[in-house]
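Visitor: I have a chain to go through and would like to talk it over. Can you put it on screen?

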Amino acid sequence: MTLTEMAVEYRLNCALLKERMGQLKRAMQAEADPLEAQLLQRRIADLTALYREGREIALHMERYYDRRYYKNEKFTF
C-alpha cells in the first residue's frame, strides 16, 4: 500500500468522524440534562482532535513525494 492509498483511507475515516460529530452535536442540542450535554461535548472535543490529526496526516501522506511540499515538522524527524 502506498502513502497515497493510505491517505485515501485516512480521508474516509475523517468523513466518518465528521458524520459522528454531527450526530453528537444534534444529540447534545436535544439533551435536557446538563451533565449528559457536557459529556457529549467532551466526546465531540475528543473526536475533533482525532479528525484534525487525521486530516493533517492525510495531507502529509498525499504530498510526501512532492519536492515542492514543505513537510510538516510535526511528522518528520
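Visitor: Among contacts between residues at least 6 apart in sequence, what share joins residues at least 24 apart?
Guide: That share is 54%, where contact means heavy atoms within 4.5 Å. This is a predicted model, so local features need pLDDT of at least 70 and side-chain atom pairs count only at pLDDT 80 or more, while totals for chains, interfaces and linings use all residues. Residues are numbered from 1 along each chain as its sequence is written, and side-chain values use heavy atoms, with hydrogens and water left out.

Visitor: How many helices and strands?
Guide: The chain has 2 helices and 0 strands.

Visitor: What span should α1 have, and what does the model give?
Guide: At 1.5 Å a residue, the 28 residues of α1 should span 40 Å, and the end C-alpha atoms are 41 Å apart, which agrees. The expected span is 1.5 Å times one less than the number of residues. For α2, with 29 residues, the reach from first C-alpha to last is 42 Å, close to the expected 42 Å.

Visitor: How much of the chain is buried?
Guide: Buried residues are 21% of the 77 in the chain. Buried means under 20% relative accessible area, exposed means over 50%, and partly exposed is in between, with a 1.4 Å probe and protein chains only.

Visitor: Which residues make up the largest nonpolar core?
Guide: It has 8 residues: C14, L17, M21, L24, L40, I44, L47 and Y51. Both α1 (3-30) and α2 (34-62) give two or more residues to this core. The term covers buried Ala, Val, Leu, Ile, Met, Phe, Trp, Tyr and Cys residues joined through side-chain atoms within 4.5 Å.

Visitor: What is I44 in contact with, leaving aside neighbours within four places in sequence?
Guide: I44 is in contact with M21, L24, K25 and M28.

Visitor: Switching to charges. How many salt bridges?
Guide: The count is 2, taking a salt bridge as a side-chain nitrogen of Lys or Arg within 4 Å of a carboxyl oxygen of Asp or Glu. One joins E62 and R11, at 3.0 Å from N to O. E62 lies in α2 and R11 in α1, so this pair ties together parts 51 residues apart in sequence.

Visitor: And where do D46 and R42 lie?
Guide: Both are in α2, 4 residues apart, about one turn of the helix.

Visitor: Is R42 buried or exposed?
Guide: R42 is exposed, because its relative accessible area is 55%. D46 is partly exposed, at 31%.

Visitor: What about aromatics, how many pairs?
Guide: There is 1 aromatic pair. Y64 and Y65 form it edge-to-face, 5.0 Å centre to centre with 90 degrees between the planes. Rings of Phe, Tyr and Trp (its six-membered ring) pair if their centres lie within 6.5 Å; planes under 30 degrees apart are stacked, over 60 edge-to-face, and the rest tilted.

Visitor: Is Y65 buried or exposed?
Guide: Y65 is exposed, with a relative accessible area of 63%, while Y64 counts as partly exposed at 35%.
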